[in-house]
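Here's a protein to walk through together. Have the structure open as you read, and follow along from strand to strand.

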Amino acid sequence: MKRAEDLEVGGRTVLVRADLNVPMEDTGGSRAVGSGGSPPGQESAPPGQHRIADDGRIRASLPTIRDLLAREAAVIVCAHFGRPKGDDYAARAAGGPSLRPVADRLAELLGRPVTLASDVAGESARVIASTMAAGEVALLENVRFEPAETSKDDQVRGELAGRLAALADVYVGDGFGAMHRKHASVYDTPLLLPHAAGQLVLAEVGVLRQLTSSPAQPYVVVLGGAKVSDKLAVIGNLVGKADRLLIAGGMAYTFLAAQGHQVGGSILQADQIPQVTTALADADKAGVEVVLPVDHVVADRFAADAEPEVVHGPDIPDGKMGLDIGPATSDLFRRKLSDAKTVFWNGPPGVFEFPAFAAGTLAVAEAISHVTGLTVVGGGDSAAAVRHLNLPAGAFTHISTGGGASLEYLEGRELPGLAALEAET
Ligand code: ADP
Ligand code: MG
């Protein structure tokens, strides 16, 4: 893959596809909404009522943008934000979310103005692109305002890609978190321009490659998060590579149910029980140790002010839902991590957004921070969680900006965005 740092960019206009899909938080409350596991719909709130909860993805995109600016390029950044709804451009643009708060934060962090186009690849973008000077930065509006961005139809995506490519001389792919999407700005546009990978993408791929090719053992994988269906494929691929699989979070209840335990009102994907049963049998056959919660912190409803209660043992009574792993499970996980030489962690072990149910996530994060060896955190919510825990800098080898993208890489799947960057022009 060609590196952006090796491209001749002086005096040229560079289109940088970044991942700026940051979680937003309601200024009136504390529940983070945005890129993570939050229900769609909360993301389209009117601008002004929300602020950026975690600007990690914006910060991660700075090195490439700074390098291009320092080398006298004009930089046009393209990114998606949340999930705009509506059948056509006008409806989506009217409903938002606009990248306005992201443009403002990017300008603050860069220490120079960022011009936000009022459209994606229309009149406003064209005027800005044709009048920009070297060293200037512009941001296109939310690329998902264009329904073509995510179209399954190659021609429909191609038309948008053509308009995006016309804005610039060179394309740099640096939005690692979107690399698993065959979208117009990720896959089709780089094929139309000289292209290269940005520093973030190269760093992410470098670390993930270490995890897939002969990681030091014991290799311990910690999986949590809301849905088991999101993670089954990666479990399939990790069986045979990892030595130990620690399973927590919402997905653990489907595992416990598959083993015949009561899970009360906990989040459960009953339709996934057969696949989970197969995964457990495969792990057993491959000699992979699977560790499930042995106690829980439960409540009678899903709310920040719900009363937390510890339930001993793997079963959860009716009327209660598991919202975090219990103290005995935290101890058990700590022991199972103590001799690890390689750790990959994806998905918070509990509803860390509610302080009363964040202890398990903190315990796991701390245990991993004590591991000497390669420690990688993947996933938007997991990354946001660890950044909020105030662990010392360098507590992890790498905090990936891409949840789905890092999981698909570890599943062994080809990421369309990487494939396009690898293609010859
Ligand atoms: P990531 O973005 O790191 O890949 P996921 O999106 O898979 O993680 O899951 C994150 C979400 O999982 C968080 O919002 C967290 O509140 C939720 N979660 C964790 N444990 C539970 C639980 N026991 N019940 C419901 N949701 C949970
Ligand atoms: Mg998530």
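Helices (H or I, at least four residues) and strands (E, at least two) are DSSP runs here, numbered from the N terminus.

Before going on, a word on the source: this is a predicted model, where local features need pLDDT of at least 70 and side-chain atom pairs count only at pLDDT 80 or more, while totals for chains, interfaces and linings use all residues. Residues are numbered from 1 along each chain as its sequence is written, chains are lettered from A and ligands numbered from 1 in the order in which they are written, and side-chain values use heavy atoms, with hydrogens and water left out. As for confidence, pLDDT is the predictor's own, per residue, from 0 to 100. The protein's mean pLDDT is 92, and 95% of its residues reach 70 or more. Residues 29-48 fall below 50, though this stretch still has 43 contacts in the model beyond near neighbours in sequence (a contact means heavy atoms within 4.5 Å).

Back to β16 (residues 342-346). On one side, β17 (residues 374-378) pairs with β16 in the parallel sense over 5 bridges. Strand β10 (residues 219-223) also pairs with β16 in the parallel sense, over 5 bridges, and there Val220 stands opposite Val343. Two strands count as paired if DSSP finds at least two bridges between them. How enclosed is β16? Since 5 of its 5 residues are buried, β16 is largely enclosed by the rest of the structure. Buried means under 20% relative accessible area, exposed over 50%, and partly exposed in between, using a 1.4 Å probe and protein chains only. In a regular strand the side chains alternate between the two faces of the sheet. Here Thr342, Phe344 and Asn346 point one way, Val343 and Trp345 the other, and all are buried.

Now zoom out. These strands belong to an open sheet of 6 strands with parallel pairing, in the order β12-β11-β10-β16-β17-β18. At its edges stand β12 (289-291) and β18 (398-399), each with a single partner strand, so one side of each has no neighbour in the sheet. Strand β11 (residues 244-247) pairs parallel with β12 over 3 bridges, with Leu245 opposite Val290.

There's another open sheet of 6 strands, also parallel, running β6-β7-β5-β1-β8-β9. Its edges are β6 (114-116) and β9 (195-197); each has a single partner strand, so one side of each is left without a neighbour in the sheet. Strand β7 (residues 137-139) runs parallel to β6, joined by 3 bridges, and Leu116 stands opposite Leu139.

Follow the chain into the loop between β6 and α5 (123-131) and you'll find Ala121. Is Ala121 buried or exposed? At 1% relative accessibility, Ala121 counts as buried. Its contacts, leaving out residues up to four places away in sequence, are Arg126, Glu146, Leu160, Arg163, Leu164 and Leu167.

Last stop, helix α12 (residues 327-337): its buried residues are Thr329, Ser330, Leu332, Phe333 and Leu337. They cover an arc of only 165° around the axis, so they lie on the same side of α12; the arc is that of the directions from the helix axis to the C-beta atoms.
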